[in-house]
Amino acid sequence: MKPILKLSDIDLYYNDSNKALVVLNKAGFTLNRGETVALVAPSGSGKSTFLHIAGLLERPNSGEVEICGRPCSDLNDNERTAIRRSEIGFVYQFHYLLPEFTALENVMIPQMIAGLSKKESEKRAGKLLKYLRIGHRADHRPSELSGGEQQRVAIARSVANVPLILLADEPTGNLDPVTSEYIFRALTALVCQSGLSALIATHNHALAQQMDRRITLKEGKIIEFF
Ligand code: ADP
Ligand code: MG
């Protein structure tokens, strides 16, 4: 079976003033179906850059990203957006929920953009919020929720369209250790229950130990990490 996500020979550099900053240097990575992988690396080592490239949010200078065996580098932006919307869920360190909408609506909106009816979207959004144990906060806006609750809504939103791949960029980075542990458990339970494949950047080694595999970034390359 083809890997669900494959990155090969990824180069990414920034040309600041007169000196190039090499962030990724022939980085490669394979995520298999149903696998959970932790990306543990110091701040500034390129985790966000790598996740953005994997999630088709950014293009590398060179290299290939394949989603379910399909190469994405030659696709135009509309085609990449379509793949991103249907196959990839993304959770950021900061939730980026829409402030003027309720928790429920925030989880409904991506589904309605994908063409589901209001009723269907509402049903799935309600179920997801319940699963993440914030059903009782569904009618509240993000500003009325705690950091942990906001992040649970963001997780529900990321999987609202039943993606194949979940990419999370330090999803518990802004939370206290107890909430962090709780959110991580909710996230991994959701991943296992729905058969998702996940790549999660985290600084928390204890949380990383609970995943199938650990990788790190060293001098712009992905290496296995134990
Ligand atoms: P991490 O997520 O591991 O903290 P990032 O992927 O955010 O690392 O950043 C990797 C490196 O790239 C850092 O040195 C950062 O300063 C640099 N960087 C990120 N974005 C830009 C940009 N738009 N222009 C120049 N340098 C950048
Ligand atoms: Mg980062």
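**Exercise 1. State how many bridges join S1 to strand S4, and in which direction the two strands run.**

Step 1. S1 and S4 (residues 62-67) are joined by 5 bridges and run antiparallel. Strands here are DSSP runs of E with at least two residues, helices are runs of H or I with at least four, and both are numbered from the N terminus. Two strands pair if DSSP finds at least two bridges between them.

Step 2. Leu7 has Val65 in S4 as its bridge partner.

The model is predicted, so local features need pLDDT of at least 70 and side-chain atom pairs count only at pLDDT 80 or more, while totals for chains, interfaces and linings use all residues. Residues are numbered from 1 along each chain as its sequence is written, chains are lettered from A and ligands numbered from 1 in the order in which they are written, and side-chain values use heavy atoms, with hydrogens and water left out.

**Exercise 2. Give the order of the strands in the open sheet, and name its edge strands.**

Step 1. Take the other partner of S1: 9 bridges connect S1 with S2, and the two run antiparallel. Leu5 is opposite Leu31 in S2.

Step 2. Continue from S4. Strand S5 (residues 70-71) is joined to S4 by 2 bridges, again antiparallel, and Ile67 has Arg70 in S5 as its bridge partner. S4 and S5 make a hairpin with 2 residues between them, and Cys68 in the turn has a positive phi of about 50°.

Step 3. The 4 strands form an open sheet in the order S2-S1-S4-S5, with antiparallel pairing. S2 and S5 are the edge strands, as each pairs on one side only.

**Exercise 3. Describe the surroundings of ligand 1.**

Step 1. List the shell. Residues near ligand 1 (a heavy atom within 4 Å of it) include Tyr14, Asp16, Pro42, Lys47 and Thr49.

Step 2. Assign elements. Strand S1 (5-16), strand S2 (19-31) and helix H1 (47-54) each supply at least two shell residues; H1 gives the most, with 3.

Step 3. Sort by class. The shell holds 4 nonpolar, 6 polar and 2 charged residues. Ala, Val, Leu, Ile, Met, Phe, Trp, Tyr, Cys and Pro count as nonpolar, Asp, Glu, Lys and Arg as charged, and the others, Gly among them, as polar.

Step 4. Look at distances. An N or O atom in the side chain of Lys47 is 2.9 Å from an oxygen atom of ligand 1. A polar backbone atom of Ser45 lies 3.3 Å from an oxygen atom of ligand 1, and a polar side-chain atom of Tyr14 is 3.3 Å from a nitrogen atom of the ligand.

**Exercise 4. Find which residues lie nearest the centre of the largest pocket.**

Step 1. Define the term. On a 1 Å grid over the protein atoms alone, a pocket is an open set of points where a 1.4 Å probe fits, with protein on both sides within 12 Å along at least five of seven lines; lining residues have an atom within 4 Å of a point.

Step 2. Of the 21 lining residues, Arg85, Ile88, Pro110, Arg157 and Asn161 lie nearest the centre. Helix H2 (77-87), strand S6 (88-91), helix H3 (103-113) and helix H5 (147-158) give two or more residues each.

Step 3. H3 supplies the largest share of this lining, 4 residues. By class, the lining has 12 nonpolar, 6 polar and 3 charged residues.

Terms used. Polar contact = N/O pair within 3.5 Å; in protein donor to acceptor, adjacent residues only side chain to side chain.
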